[in-house]
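Have a look at the model first, then read on.

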Amino acid sequence: MKKVEVIIKPFKLDEVKEALNAIGIKGMTISDVKGYGRQKGHVEVYRGAEYRIDFQPKIKLEIIVEAELVERVIEVVVNAARTGKIGDGKIFVLPVEQVVRVRTGETGSQAI
């Protein structure tokens with residue numbers, strides 16, 4: 001099993017969620033996060049004073065899938081989240097050693 005962590009622009013969340021649902025991914029965890037990479041920050045003006053915003057608002061999705069589905073998940077997310085502009089996001093894939101469903105005690109693939 002693998003954990004796919006996806007960082008995307010907030011307005012792309014619905015498109016990504018629908019695209020993942022279309023390939024059978026029903027469960028995910030979503031968090032509001034802030035960060036920056038090449039996008040860096042930007043300067044805004046509030047009541048005549050300029051200030052720099054270093055961290056951009058983003059959405060983080062965490063999805064646990066079987067290893068065979070990872071490439072398909074990546075493809076679907078990239079196609080749904082891409083705007084072609086800087087700051088579109090990142091995808092990280094990590095190994096998952098064990099999954100346990102708390103309610104039933106199921107483990108492994110049955111717990112996803």
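What covers the buried residues of H2 includes strand E1 (2-8), helix H1 (13-22), strand E5 (56-65) and strand E6 (89-95). This is a predicted model, so local features need pLDDT of at least 70 and side-chain atom pairs count only at pLDDT 80 or more, while totals for chains, interfaces and linings use all residues. Residues are numbered from 1 along each chain as its sequence is written, and side-chain values use heavy atoms, with hydrogens and water left out. Helices (H or I, at least four residues) and strands (E, at least two) are DSSP runs, numbered from the N terminus.

**Helix H2**

- H2 takes in residues 70-81, and its end C-alpha atoms sit 16 Å apart, which agrees with the 16 Å that twelve residues should span at 1.5 Å a residue; the expected span is 1.5 Å times one less than the number of residues.
- Val70, Val73, Val76, Val77, Ala80 and Ala81 are its buried residues (buried is under 20% relative accessible area, exposed over 50%, partly exposed in between, with a 1.4 Å probe and protein chains only).
- They cover an arc of only 130° around the axis, which puts them on the same side of H2; the arc is that of the directions from the helix axis to the C-beta atoms.
- On the face turned away from that buried side, H2 carries the exposed residues Glu71 and Asn79.

**The core**

- The largest nonpolar core has 17 residues, and Ile8, Val16, Leu20, Leu61, Ile63, Val65 and Val73 have the most contacts inside it (a nonpolar core is a set of buried Ala, Val, Leu, Ile, Met, Phe, Trp, Tyr and Cys residues joined through side-chain atoms within 4.5 Å).
- E1, H1, E5 and H2 each supply at least two residues of this core, and H2 gives the most, with six.
- Beyond its neighbours within four places in sequence, Ile63 is in contact (heavy atoms within 4.5 Å) with residues including Val4, Leu20, Ile25, Met28 and Val73.

**Charged pairs**

- The count comes to seven salt bridges, each a side-chain nitrogen of Lys or Arg within 4 Å of a carboxyl oxygen of Asp or Glu.
- Lys3 and Glu62 meet in one of them (2.8 Å, N to O), linking strand E1 to strand E5 across 59 residues.
- Lys60 and Glu5 make another at 3.8 Å, N to O, and Lys3, Glu5, Lys60 and Glu62 are linked in a network of salt bridges.
- Lys9 forms a salt bridge with Asp88, with the closest N and O atoms 3.7 Å apart; both Lys9 and Asp88 are buried.
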